[in-house]
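Here's a quick briefing to read with the sequence and the model side by side. Take it topic by topic.

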Amino acid sequence: MPGSTFTPFEFSDHKNEDAATLQARFAQSGYLFFRNLIDRARVEEVRDRVIGALKAHGFVNEEAISQPTWSGKWPETNELSPDGAVTADIVALGLLEELARAPELMKLLGRVLGGEVFCWLDNKTRIRMMLSGKKSMQSADGPKFSFTTPGHQDYYFFRPVEFCTVWIPLMDIDETVGGLALGKGSKHEGLHEVWWKGKDYLGVAESPVQAEEWRADGGVVVAGTVKGGNEGRAWLRSDFRMGDALIFHPLMMHAGIANDSDMVRISADFRYQKQGTQTHWESHTDMVESVRYFGEVFRCLDDLGVEPGGVYERVWETLRLEGPGQQAHYSVAARVEKVLGQMAG
Ligand SMILES: O=C(O)CCC(=O)C(=O)O
């Protein structure tokens, strides 16, 4: 990704193309990019209210009106994470939920997915507020994510569920603000190796060399079989405008592009699937609850003195996929111990 040149997305036409055409393109290319799909005024309202929340917490300059100009403040704790104060204020406004269910979007998704659509309940929290620079953000006790999302396939997080991601810019985004890039043709490659190092989510390596460096540094592959990382990959990207929507298949490789501007990059990334098909526990769980559960899994591993570098990451992965559902019968600690025992035996 660093130094990559980008090929623009191919446009799809929500007004003139029929369901069969859109479905065939989605199956082949793994994505559909629409300009002016969502009512721009609806997106502008979300943008303005998000700017208001960022301003109230000191991340955006006081005088900023319709541009989220970054104040230079770094989050003290988890402020910008899904379980943080800024996100909580935005969720309370109910605007993301409304945007995720915008009739023009739901109608189109019905055509793309070929039936009634289930809009994931955690969409109300799915906002990204990306600062420029190289620091990471961490939820209270849980996983640590970079402000520049590394290459990954969403399928890893929610496998084996068939769903789609819809990435929506909440501001106009040019190359300096970055945005999102998709790996051309990656839908057909299978699941790539996914790396963690303790609580640090590393994603998919940029190259075999980086994978070896990660391994030497204690990184661990927790899922995926395709090797080689993203070396030589052709990336797709266009400037984004408010009203655009990028719909992509969960096996599409995608990555955030570094934000080199003086603005906070704001976007939403919603998830949808065909009603009645197998889903994932996170789709109907409040993200604050999910993050609390993740934190507890890490805490149990730490309390048991398990060191990162192998078993730690694999137990984390097992419990992350299982979710908190069995908590009524077994404590998280008991489940961590059980999985540890299974791995030892
Ligand atoms: O907006 C970003 O930087 C990342 C979004 C993303 O990777 C996702 O929605 O899965």
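Thr21 is partly exposed, at 34% relative accessible area, where partly exposed falls between buried (under 20%) and exposed (over 50%), using a 1.4 Å probe and the protein chains only. Thr21 sits in helix α1, residues 19–29; helices here are DSSP runs of H or I with at least four residues, strands are E runs of at least two, and both are numbered from the N terminus. From Thr21 to Arg35 you go 14 residues in sequence and 17 Å in space, C-alpha to C-alpha.

Bear in mind that this is a predicted model, so local features need pLDDT of at least 70 and side-chain atom pairs count only at pLDDT 80 or more, while totals for chains, interfaces and linings use all residues. Residues are numbered from 1 along each chain as its sequence is written, and side-chain values use heavy atoms, with hydrogens and water left out.

**Around the ligand**

- The shell around the ligand has 14 residues, and Thr149, His152, Asp154, Trp167 and Arg265 come nearest; a residue is near when one of its heavy atoms lies within 4 Å.
- Sorted by class, that shell holds three nonpolar, six polar and five charged residues. The nonpolar class is Ala, Val, Leu, Ile, Met, Phe, Trp, Tyr, Cys and Pro, the charged class is Asp, Glu, Lys and Arg, and the others, Gly among them, are polar.
- The ligand sits in the second largest cavity. A cavity is a set of points, on a 1 Å grid over the protein atoms alone, where a 1.4 Å probe fits but cannot get out, and sitting in one takes more than half of the molecule's atoms within 2 Å of its grid points.
- Elements giving two or more residues to the shell are β5 (127–130), β8 (164–169), β15 (254–257) and β16 (265–274).
- Which element gives the largest share of the shell? That's β16, with four residues.

**Polar side chains at the ligand**

- Asp154 has a side-chain N or O atom 2.8 Å from an oxygen atom of the ligand; a polar contact is a pair of N or O atoms within 3.5 Å, and within protein one must be able to donate a hydrogen and the other to accept it, with residues adjacent in sequence counting only if both atoms are side-chain atoms.
- His254 puts a polar side-chain atom 2.9 Å from a ligand oxygen, and for Arg271 the distance from a polar side-chain atom to a ligand oxygen is 3.3 Å.
- On its own the ligand has 290 Å² of accessible area, and the protein covers 99% of that (Shrake-Rupley method, 1.4 Å probe; for residues, only the protein chains shown count as cover).

**Loops to look at**

- Is His192 buried or exposed? His192 counts as buried because its relative accessibility is 3%.
- You'll find His192 in the loop between β9 (179–183) and β10 (194–197), and its side chain makes a 2.7 Å polar contact with that of Glu189.
- The peptide bond from Arg159 to Pro160 is cis, with omega near 5 degrees; Pro160 lies in the loop between α6 (154–158) and β8.
- Asn36 isn't a glycine, yet it has a positive phi of about 55 degrees. Asn36 belongs to the loop between β3 (31–34) and α2 (40–56) and is exposed, at 52% relative accessible area.
- Leu37 lies in the loop between β3 and α2 and is buried, with a relative accessible area of 7%.

- Leu37 and Ala258 are 221 residues apart along the chain, with 26 Å between their C-alpha atoms.
- Asp302, in helix α8 (residues 287–303), counts as partly exposed at 35% relative accessibility.
- Between the C-alpha atoms of Asp302 and Gln67 there are 42 Å, and along the chain 235 residues.

How values were computed:
1 Å grid on protein atoms, 1.4 Å probe; cavity = no way out; pocket = protein on both sides within 12 Å on 5 of 7 lines; lining within 4 Å.
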